[in-house]
Every structure is written in C-alpha cells, then in structure tokens.
Amino acid sequence: MKATAIAHTNIALIKYWGKRDNVLILPANSSLSMTLDQFYTETTVEWSDSFTEDQFSLNGKIQSDAKVGRFLSILRDQFSLTSFAHVTSTNHVPTAAGLASSASAFAALALAASKAAGRNDDETTLSRLARQGSGSASRSIFGGLAIWQKGEANDGSDSYAYEIPTPSKLDLALVVAVVDAGPKKVDSRLGMQTTVETSPFFEAWTKQATLDLEAMQRAMKENDFVTMGEIAERNALTMHATTMAANPPFTYMQPLSLALMDAVRDLRVAGIPAYFTMDAGPNVKVLCLTKDAERVKEALSVHTSLLYICHPGPKARVITHD
Ligand SMILES: O=C(O)C[C@@](O)(CF)CCOP(=O)(O)OP(=O)(O)O
C-alpha cells in the first residue's frame with residue numbers, strides 16, 4: 001500500500017510558541033497562518049509487512065530522524081497497523097534557503113501515510129494527526145489562511161486547525177527574505193521548551209497572543225490590512241521577546257534580520273504598508289499586498305539576494321495512490 005502527497009509550508013501571523021502538553025503536542029495558545037504557494041514537501045509512504053524496519057529518506061538520502069520515527073509509531077498505533085513504513089520525502093524549497101519546515105513535512109507525511117493505509121481520514125482528523133508530528137503541521141493540511149485552535153481537552157481531541165476565509169478585498173503576499181541558510185542553532189521545539197520553563201514573559205505571551213488572534217480576525221473581517229500587519233509584526237516581536245528573557249537567554253535574530261526589519265519600517269515611512277514576521281530562525285518574512293510585493297523585494301534586495309514572493313497556497317493533496 002503506497003501513496004504520495006504534497007503539503008505546503010505555512011508562516012504564522014499569530015505564532016504558536018509554547019506547549020501545554022509536550023507528548024501530545026498541545027499548544028498554550030491558538031495560532032493563525034498563511035500556507036505558502038512557493039514551498040512544499042512531496043512525500044511517499046509505503047506500508048508493507050515485508051519491511052523489517054521503518055526507513056526514512058529525505059532529498060534522496062536515507063537518515064534517522066527521531067521526530068519521524070516517533071511519528072510513524074504514532075500513526076501505526078492510530079491506524080492499528082503492525083507493518084513498517086518506507087518514507088521518501090523531497091523538500092521543494094530553494095536550496096540552502098533554511099526554509100525546509102517541519103510544517104509541510106509532517107502534513108505531507110500524515111496525508112500520505114493515511115492514504116497508503118487505505119483510509120479516508122477527513123481534514124480535521126488529518127490535522128490532529130499532523131499536529132502530533134509537529135504542531136505547525138496541523139495548519140498545512142489547509143490552504144490559504146488557517147487557525148489552529150489550541151483546544152481545551154487533555155487528549156488533544158479538540159486541538160486541530162481549520163481554514164478561514166482570506167479577506168475578500170485583500171490580495172495578500174508574503175516576501176520571504178533569507179538571512180542565513182545554515183541550520184538553526186536552537187530548534188523551535190527546544191526553544192519553546194526553554195521559554196515555557198524559564199521565561200518570565202511566557203504567561204504574558206499566551207494572554208497577548210490570545211488577544212492578538214481575536215483582533216486579527218476582526219481586522220480580517222474588515223479587510224483592514226494595516227491593522228492585520230501591525231498585529232502580526234507586534235505578535236512576532238512579542239514572541240521573540242520571550243526568548244530574550246529565558247534562562248539562558250537566546251534570540252533567533254541576527255544583525256541582518258534587524259537590518260531587514262529596519263528596511264520594512266522605512267518602506268512604511270515611504271507609504272508602503274509592509275510588516276515583518278520571524279520564526280525560530282533569522283529569516284524575515286514580510287506581509288504586504290501583491291501590488292507592493294516587487295517594491296518590497298527591491299527594498300530588501302539591498303540586504304539579501306535570496307528573496308521569494310509568495311502568495312496563499314493550496315491545501316495538502318494526494319497525487320498518487322496505489
Ligand atoms: O509556526 C509558528 O506558529 C511559530 C514557529 O514557527 C516558531 F516561530 C513555531 C513552530 O513550531 P514547530 O516547529 O511546529 O514546533 P513543534 O510542535 O515542537 O514541532
């Protein structure tokens with residue numbers, strides 16, 4: 001039983017940062033993201049009783065990846081399977097872009113594994129599954145804009161994402177500026193954990209992120225792009241503030257990240273509504289309107305040549321099944 005699926009990466013405008021349950025990967029706050037059209041993962045899964053162990057290859061190289069291994073065990077258990085799986089994954093992101101996200105990887109893996117097991121899981125089930133591989137993957141099951149509701153139940157049954165309408169009058173773009181292609185120094189899972197355990201700002205973050213999500217949804221309903229951008233930028237900086245107060249303190253920001261942020265502020269002074277966000281890495285992503293995307297790209301090209309104009313992308317989908 002074999003299937004291939006594609007899922008696109010997503011960038012959060014209201015961040016997921018901190019878990020309330022590390023085993024089930026349940027978040028401390030709800031989040032909102034945009035699935036990107038430019039970057040995706042293509043994954044083939046084959047379940048077979050003839051395999052003697054799970055096997056995972058990424059971009060043509062067999063490797064052992066603890067998160068993938070753990071996720072395959074979760075899937076085997078939830079699918080009541082006893083066979084092993086061979087997983088072949090290819091990240092379609094610009095080489096050395098440092099953008100290969102776990103979001104697209106685990107969403108594609110969840111969908112391909114489900115289909116290869118002969119199942120017809122609905123998107124809510126797939127989102128719940130993908131979440132157990134990597135939290136942000138719960139959102140990549142969907143295209144366009146999605147909210148991952150944190151849920152209240154201790155078993156994670158109500159912690160999954162769903163698609164929300166893109167503001168009807170806004171043609172949104174996200175310009176991705178690559179600062180550093182190298183591997184992250186502190187990966188998001190460790191970064192979150194250190195923050196939850198040691199940052200005095202963590203509780204304030206979860207409260208503020210909740211208010212930010214409500215305000216973001218109001219702004220979207222009103223097609224109020226400036227307010228959307230202001231909320232997204234402030235939410236990202238609030239998230240990154242928590243890491244600077246952690247013990248030991250750390251930050252994902254590099255000098256070039258800060259220069260790009262200044263360039264975005266300069267664009268606003270010049271009358272271009274553009275707002276930055278950053279995740280668990282130094283790259284900067286700029287939310288803008290499509291009509292301004294080339295102007296934003298040009299302004300950022302002073303600092304980096306690795307620039308990608310993205311738009312809301314498609315939902316995860318199966319491309320072959322046999
Ligand atoms: O995407 C966002 O909401 C914000 C972040 O990218 C960081 F800024 C978090 C991504 O965390 P993820 O890799 O999903 O962690 P996992 O659940 O520990 O695997």
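Ser80 is exposed, with a relative accessible area of 66%; here buried means under 20% relative accessible area, exposed over 50% and partly exposed in between, using a 1.4 Å probe and protein chains only. Its phi is near 50°, a positive value in a residue other than glycine. You will find Ser80 in the loop between helix H1 (66-78) and strand S7 (84-92), where helices (H or I, at least four residues) and strands (E, at least two) are DSSP runs numbered from the N terminus.

Asn59 also has a positive phi, about 50°, although it is not a glycine. Asn59 sits in the loop between strand S5 (55-58) and strand S6 (61-62), and it is partly exposed, with a relative accessible area of 47%.

## What you are looking at

This is a predicted model, in which local features need pLDDT of at least 70 and side-chain atom pairs count only at pLDDT 80 or more, while totals for chains, interfaces and linings use all residues. Residues are numbered from 1 along each chain as its sequence is written, and side-chain values use heavy atoms, with hydrogens and water left out.

## The ligand and its shell

The ligand is surrounded by 17 residues, each having a heavy atom within 4 Å of it. The closest are Tyr16, Lys19, Ser134, Gly135 and Ser136. Domain 1 (2-166) and domain 2 (172-310) both contribute to this shell, so the ligand lies between them; the domain bounds come from an automatic or database assignment. Helix H5 (residues 188-198) gives the most, with 3 residues.

Now for the polar contacts (pairs of N or O atoms within 3.5 Å). A polar side-chain atom of Lys19 is 2.6 Å from a ligand oxygen atom. For Arg139, a side-chain N or O atom is 2.8 Å from an oxygen atom of the ligand, and a polar side-chain atom of Arg189 likewise lies 2.8 Å from a ligand oxygen. The protein covers 95% of the 470 Å² of accessible area that the ligand has on its own, by the Shrake-Rupley method with a 1.4 Å probe.

In helix H9 (residues 293-300), Ala293, Val296 and Leu300 are buried. Viewed down the axis of H9, the buried residues fall within an arc of 60°, so they line one face of the helix; the arc is taken from the directions from the helix axis to the C-beta atoms. Exposed Glu294 and Glu298 are on the face turned away from the buried side of H9.

Finally, a cis peptide bond joins Asn247 and Pro248, with omega about 5°. Pro248 lies in the loop between helix H7 (225-244) and helix H8 (255-269).

Technical notes: Polar contact = N/O pair within 3.5 Å; in protein donor to acceptor, adjacent residues only side chain to side chain.
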